[in-house]
Amino acid sequence: MNTSEGVGRTGIWLIGARGSVSATVISGLLALRAGLVESTGLVTERAPFDAAPLPTWDELVIGGHDIVDTALEKRVEQLSEAGLVPASVLRSITEGLREVETDIRCGYHPTLHTGSQAEAAETLIGDLVDFRGRHDLRRVVVINLASTEPPVPLVDAHQDLSALEQALADPTRAVLPASSLAAYAALRAGCPFVDFTPSTGITLPALRELAALKGLPYAGSDGKTGETLLRTVLAPMFTARALKVRSWAGTNLLGGGDGATLADPEFAASKLESKARGLAALLGDDVTAPLHIDNVPHMGDVKTAWDHVAFDGFLGAKMTLQLTWTGYDSSLAAPLVLDLARLTAAAHATGRSGPLGELAFFFKSPLGNEEHRFAEQARELADWIQTLRTDLGGTADTDAVVSE
């Protein structure tokens, strides 16, 4: 097959398939297919991205893993009650939600699993292979949307693929966090991997080695949806105008599952590190930048971020900028997930492997790219789309190959 025919039928496999972001992604895709909503927030639906031969909404098929058993339909009902999914849309997509539910499988649960992690990985791989085969998919893009994990210290088994697989076979060890086991299974199944979370995921050297061995692309990490998005737009402004930023303090208020997870300082550490990394890259390490994340349960899926910026002007004049961002985090994230699925699938179709640094535009801690200025990230993404269009017009397709 030649890629001039397009990327073709593509699977999106969501890790954390019944969570708020995943449920919003699924609802949005079903609504887009039915023409019920506009493509607001979808970068791949605006020029120049809309000219690339990306998978259409009808060509995308969703499945996933989760360790909770709340029915997807029930989860979307909860989002509708919270004001995130319009009731009219919910009524129209109910049958579609039930169909997607049939493709959600039980994921890896670190505390409940018995046996080796290698055995757990084989189950995950089998689910991916079965999904791809049953739906006659050219490829499956695995996207991690599960709850944020605490940072994981590197051990020797993380450095080398051979050592890692020996450790995985040992039933007395749990050498990988859940996010990294999901990445390992995805790569072994021949699937590109995208990490929308700040968890360890695919960042381990042994997993990057596996991606290179399999010739697979990957992207991440930690989707940039709100406060950090504003920072990557505004911080370069201060630098360009030679205004000295002295401090940039931030507070995040949120509820829901994320709020509960990030209320634990151990789990919040990954998120705080990811959010701070970009600001340091843009303004330097001498800027005082305290950042807090507070769980406010009654806020549900609404997130509010407040920033206070202190800076110096000419003759040492002291000035401040204050800003507040309030929105549905899942609504901001979901279109980006669909964009990433389409773009990663296209990259795979052209034979790209390794980190997709051109997708830095979407992430707080972009893999394969040190650029954090939003305008520059947007330019790099637009330039890459032009290359992608050319490659998809005449390069032999690289369908996923399964290694079992």
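## A tour of the predicted model

Start with D136: at 61% relative accessibility, this residue counts as exposed, because the cut-off is over 50%. The model is a predicted one. D136 sits in the loop between helix 4 (117-134) and strand 4. Check its backbone: phi is near 55°, a positive value in a residue that is not glycine.

**Colour by confidence**

Colour the chain by pLDDT. The average is 91, and 92% of the residues score at least 70. Now select residues 394-404. Here the pLDDT is below 50, and the stretch makes 32 contacts in the model beyond near neighbours in sequence. Where pLDDT is low, predicted coordinates should not be read in detail.

**The largest core**

Next, select L14, I143, L343, L359 and F362. These residues have the most contacts inside the largest nonpolar core, which has 59 residues. Show the elements that each supply at least two of its residues: among them are strand 1 (10-15), helix 1 (20-33), strand 2 (60-66), strand 4 (139-144) and helix 12 (374-394). Then highlight helix 11, the source of the largest share, twelve residues.

Which residues does L14 touch, leaving aside those up to four places away in sequence? Zoom in on L14 and find S22, V25, I26, I62, G63, G64, H65, I143, L145 and V337.

Move on to Y108, I125, L137 and Y218. They belong to a second, separate core of 39 residues.

To see one, pick V302, whose bridge partner in strand 10 is Y328.

**Along helix 8**

How far apart are the end C-alpha atoms of helix 8? They are 20 Å apart, which agrees with the 20 Å that its 14 residues should span at 1.5 Å a residue. Show the side chains of its buried residues: E227, T228, R231, T232, L234, A235, P236 and F238. An α-helix has 3.6 residues a turn, so residues three or four places apart point the same way.

Step just past the end of helix 8 to A242. This residue lies in the loop between helix 8 and strand 7 (244-254). A242 has a positive phi of about 60°, although it is not a glycine. Is A242 buried or exposed? A242 is exposed, with a relative accessible area of 70%.

**Two cis peptides**

Go to A47 and P48. A cis peptide bond joins them, with omega about 0°. P48 is in the loop between helix 1 and strand 2.

Finish at G220 and S221. The peptide bond from G220 to S221 is cis, with omega near -10°. S221 is in the loop between strand 6 (217-220) and helix 8.

Note on methods:
Residues are numbered from 1 along each chain as its sequence is written. This is a predicted model: local features need pLDDT of at least 70, side-chain atom pairs count only at pLDDT 80 or more; totals for chains, interfaces and linings use all residues. Side-chain values use heavy atoms; hydrogens and water are left out. pLDDT is the predictor's confidence in each residue, from 0 to 100. Contact means heavy atoms within 4.5 Å. A nonpolar core is a set of buried Ala, Val, Leu, Ile, Met, Phe, Trp, Tyr and Cys residues joined through side-chain atoms within 4.5 Å. Buried means under 20% relative accessible area, exposed over 50%, partly exposed in between (1.4 Å probe, protein chains only). Helices (H or I, at least four residues) and strands (E, at least two) are DSSP runs, numbered from the N terminus. The expected span of a helix is 1.5 Å times one less than its number of residues. Two strands pair if DSSP finds at least two bridges between them.
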